[in-house]
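Keep the sequence and the coordinates at hand.

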Amino acid sequence: MGNWIAGALAVVFCVLVMARAPGALRDRAKVRVWLAHLVMALVLWLSVTPVYMAADALLGGRNIANLVSHFGFYLMFWLGGSEVALGIGRHDLNRLLHGPVGAVVLGGGAAAMTAAFILAAPEYSVMGLNPFRDDPMIVLYKALSYLYPAFVAAVLARPLLRASLECTGLSGSAMRLMAVGFMLVPVVPVAHLGELLAPGYAVVVDLVLYPSIVLVATGTTLAFIARIRCNRGASPVRGYQSEHAD
């Protein structure tokens, strides 16, 4: 991701983290979504080259910061996925994501990702690990780093899009943007595996991953704005729904 794009998105999520902090302190039910925004802000900052290089130097200069960022991505989807499911009234999807099936995908994906990273053993610190993309183990590591996010996105994309059709205004737009962003996420690990066949598939990864992040980030921002408007003039029930839709 370009430094300017990652930095801009990181600033947006930092603003959301600060804006949501008072609500999280007052209401424990809002802590999870606040943590999801905080983790996403940290992941995005680690996508800015100077920040990444400084953080990785502190961790030993062997791209541990890359592994940390992908663990953060897993955690962000674990936290945020539940909020989205509950926001559209799908408790069954929340149970799927946080039940035995979700635990297997989360734990298995994290363990396999870590094993692939250790076996790949990149020799020096570099943003995005791009110089090592001719190593099949690095490609596998990159694919596994999006396994759980792809699972969460695949579970939520269609129900979220359906729910958006019943909403108007900013709330509906926010859900549609997030739904489209989620639809793109499962393509990312598949495109990474395509690099085993031809290095050119790396371009496909960039064309899918960055728009998905921008769409989800924009949708989250609009949902937050919609909640503020809802709290000012709508009923308590609608305010609750808007809060959980992001």
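Residues are called buried under 20% relative accessible area, exposed over 50%, and partly exposed in between (1.4 Å probe, protein chains only). The model is predicted, so local features need pLDDT of at least 70 and side-chain atom pairs count only at pLDDT 80 or more, while totals for chains, interfaces and linings use all residues. Numbering starts from 1 along each chain as its sequence is written, and side-chain values use heavy atoms, with hydrogens and water left out.

Begin with helix H6, residues 100-120; helices here are DSSP runs (H or I, at least four residues), numbered from the N terminus. The face of H6 turned away from its buried side carries Pro100, Val104, Ile118 and Leu119, which are exposed. The buried residues of H6 are Gly102, Val105, Gly109, Ala110, Met113, Ala116, Phe117 and Ala120. Seen down the axis of H6, these fall within an arc of 135°, so they line one face of the helix; the arc is taken over directions from the helix axis to the C-beta atoms. They pack against helices H4 (64-87), H5 (91-98), H7 (136-144) and H8 (147-164), where contact means heavy atoms within 4.5 Å. After H6 comes alanine 121, with a positive phi near 45°.

Val11, Val15, Met18, Trp45 and Val51 make a nonpolar patch of about 420 Å². Patch members have over 30% relative accessible area and no salt bridge, and nonpolar side chains (Val, Leu, Ile, Met, Phe, Trp, Tyr) are joined within 5 Å, like charges within 9 Å. A salt bridge puts a side-chain nitrogen of Lys or Arg within 4 Å of a carboxyl oxygen of Asp or Glu. Areas come from the Shrake-Rupley method with a 1.4 Å probe; for residues, only the protein chains shown count as cover. Helix H1 (residues 3-26) gives the most to the patch, with three residues. Valine 51 lies in helix H3 (residues 49-58) and is partly exposed, at 32% relative accessible area.

How values were computed. Helices (H or I, at least four residues) and strands (E, at least two) are DSSP runs, numbered from the N terminus. The expected span of a helix is 1.5 Å times one less than its number of residues.
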